[in-house]
Amino acid sequence: MKFVRKMLGMIKVFIFNLKYQNRFKNQEFHYSFVCDNHKGLTFGKRVYIGPYCHFDAKGEIELQDFCIIAPHVKIWSYNHDFKDEMVPYGKKDIFKKVVVGKGSWIGLGATILPGTVIGKGCVIGAGSIVSGVIPDFSMVRPNYSQHEPLTVSKNENLYRREI
């Protein structure tokens, strides 16, 4: 039984690497992760992507060093053109790059919309829907319309949150 599980795991890894052309080597992620248009996805070192995340990098997604992406997170970098004369939308897509800053943590089930820029050291709460520019060291919580700055002190290249 152990042997069969190990073989199934190796087959999953093989299929995943074949599908994404070894693009995610040396990164920590779960094999249930799906990335449409994966050539637009760039990431720094030691990025973690949790299970059942779904990204579409058609308009580019940049995950900087030490990002943590919790399970079920959706990141989209393009949208339909709602100003087109066609109803409800036209055939043209609007591309907007998404950037997740160094050391940011995106919580369970969050949705990051096209054009969002999340600063370094941010915490995006579970279930949040995020758009726009989030300043460095901010916290975004669901059901709040604005971000909330965190009190942070710097000590020899380390950042410490003051509670």
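This is a predicted model: local features need pLDDT of at least 70, side-chain atom pairs count only at pLDDT 80 or more; totals for chains, interfaces and linings use all residues.
Residues are numbered from 1 along each chain as its sequence is written, and side-chain values use heavy atoms, with hydrogens and water left out.

The protein contains one helix and 21 strands, these being DSSP runs numbered from the N terminus (helices H or I, at least four residues; strands E, at least two). Values for the protein as a whole are tabulated here.

| Property of the protein | Value |
|---|---|
| Mean pLDDT | 82 |
| Residues with pLDDT of 70 or more | 76% |
| Buried residues, of 163 residues | 36% |

Buried here means under 20% relative accessible area, exposed over 50%, and partly exposed in between (1.4 Å probe, protein chains only).

Alanine 57 lies in the loop between β5 (54–56) and β6 (61–63), and this residue is buried, with a relative accessible area of 2%. Leaving aside its neighbours within four places in sequence, alanine 57 is in contact with Cys35, Asp36, Asn37, Gly40, Leu41 and Ser77, contact meaning heavy atoms within 4.5 Å. The C-alpha atoms of alanine 57 and proline 114, which are 57 residues apart along the chain, are separated by 9.7 Å.

How values were computed:
pLDDT is the predictor's confidence in each residue, from 0 to 100.
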